[in-house]
Amino acid sequence: LMNQGALDAPFTCLPSATNMGLCFKFAPEEGIIAAGGSQSVQISFSATELGSFEEEFQFSVAGSPVPAMLTIKGSVTAPSLHFDLAELDFGDISFGFPYTQRCRLTNSSAVPLTFQLRMSDDGTQPAVDSVDQIRRDSDPAWSKGIHFHVEPREFSMNPSRGTILPQGHQDIEMSLCSNTVMEFYRRLLVDLEGIGKGVAALIITARCLVPELQVSSPVLLCDECHLKVPYERKILIRNPSHLPGSYGLIPQKCKEDSAVLYSSPKPCGIVQPQSTAEIPVVVAVQALGTIAPTF
């Protein structure tokens, strides 16, 4: 603002009543400019609407019937943020096994964007990794299945938040550990700080299966055994599927009248796709006669 008169000029910025006009802030909003002097005014703008605009602002000057006028023109565009693919397909996955895929989030805007990722309809309790589950061989989940009071949080993102510079990108690692035998069709949503929620989305698909492991022989022959002498035999577990599977020997509940006691140095583990695992079993007979227990 310049005072070209011979007297000091008190001024005041008159507020705008339009939606776009309310997005502008002036500092200072009032003051006195000495004769022949000037005043720098800082203008701040934070848009809440998209589209072109033309706003007129008035600065009233004491003693002057005509205000000083300032017209500001411009155009507000939406942030341009997109993934490098329309769908991220995990394909067939095995129950309780984590899988990771990658995608890229690109900011083609002229300003930096601060983002946060979230899944649509994702739970709050972390999913159970099969590696953790097989270490808890006494867990009732082996015989009764995994149960949650709420839906498990089966998806995770790394990083899940951050800032992408103009014309920059961020590589995202998407991990899925399913505790639900189902076909997945979920959306990865992007929220932008100060702009809005769900401004970009990526479809996530997968099919969770449980591979059927097979015991090579339903009968484990121990032949003649001495009473209470431990004998080691081997069980072969085959996995004919294209997915890894977990196995676990359900712990024996010891009773006084148990005819056979058994244990294994490898009570649980993973059988890789199209392969066979050899499981050692130690058997100790506790009674005389022909015995045929099951485990």
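## Starting with salt bridges

A salt bridge here is a side-chain nitrogen of Lys or Arg within 4 Å of a carboxyl oxygen of Asp or Glu. With that in hand, take Asp-191 and Lys-197: they form a salt bridge whose closest N and O atoms are 4.0 Å apart. Keep in mind that what you are looking at is a predicted model.

The two partners sit in quite unlike surroundings. Asp-191 has a relative accessible area of 10%, and under 20% means buried, so Asp-191 is buried. Lys-197, at 67%, is exposed, the cut-off for that being over 50%. Arg-118 comes into the picture too, as salt bridges link Arg-118, Asp-191 and Lys-197 in a network.

## Two bridges from strand E9 to strand E15

Searching the whole structure turns up 6 salt bridges. One of them pairs Glu-173 with Arg-102, with 2.9 Å between the closest N and O atoms. This bridge links distant parts of the chain: Glu-173 belongs to strand E15 (residues 169-177) and Arg-102 to strand E9 (residues 98-107), and the two are 71 residues apart. Glu-173 is partly exposed, with a relative accessibility of 29%, while Arg-102 counts as exposed at 56%.

Now look at Asp-171 and Arg-104, whose side chains also meet in a salt bridge, at 2.7 Å from N to O. Since Asp-171 lies in strand E15 and Arg-104 in strand E9, this pair ties together parts that are 67 residues apart in sequence. Asp-171 has a relative accessibility of 41% and counts as partly exposed. Arg-104 is partly exposed as well, at 32%.

## Phenylalanines in a cluster

On to the rings. There are 7 aromatic pairs in the structure. Phe-24 and Phe-45 make up one that is stacked, with 4.3 Å from centre to centre and 15° between the planes. Phe-24 is in strand E2 (residues 24-27) and Phe-45 in strand E4 (residues 42-45), so their pairing ties together parts 21 residues apart in sequence. Phe-24 counts as buried, at 7% relative accessibility, whereas Phe-45 counts as partly exposed, at 37%.

What kind of pair do the rings of Phe-26 and Phe-57 make? Their centres are 4.9 Å apart and their planes are at 65°, so this pair is edge-to-face. Phe-26 lies in strand E2 and Phe-57 in strand E5 (residues 51-61), so here the parts tied together are 31 residues apart in sequence. Phe-26 and Phe-57 are both buried. Step back, and you can see a cluster: ring pairs link Phe-24, Phe-26, Phe-45, Phe-53, Phe-57 and Phe-59.

## A pocket between two domains

Where does the second largest pocket lie? Residues of domain 1 (9-76) and of domain 2 (81-209) both contribute to its lining, so the pocket lies between these domains. Its volume is about 570 Å³.

By residue type, the lining splits into 12 nonpolar, 9 polar and 2 charged.

Leu-22 is in the loop between strand E1 (9-14) and E2. With a relative accessible area of 53%, Leu-22 is exposed. Follow the chain from Leu-22 to Ala-47 and you cover 25 residues in sequence, yet their C-alpha atoms are 9.2 Å apart in space.

Definitions and conventions:
Residues numbered from 1 in each chain as written. Predicted model: local features only at pLDDT ≥ 70, side-chain atom pairs only at ≥ 80, totals over all residues. Heavy atoms only, no water. 1 Å grid on protein atoms, 1.4 Å probe; cavity = no way out; pocket = protein on both sides within 12 Å on 5 of 7 lines; lining within 4 Å. Points joined across faces, edges and corners; volume = space filled by probe spheres on them. Nonpolar A, V, L, I, M, F, W, Y, C, P; charged D, E, K, R; others polar. Domains from an automatic or database assignment. Phe/Tyr/Trp six-rings, centres within 6.5 Å; stacked < 30°, edge-to-face > 60°. Helix = DSSP H or I, 4+ residues; strand = E, 2+ residues; numbered from the N terminus. Buried < 20%, exposed > 50% of the residue type's maximum accessible area, 1.4 Å probe, protein only.
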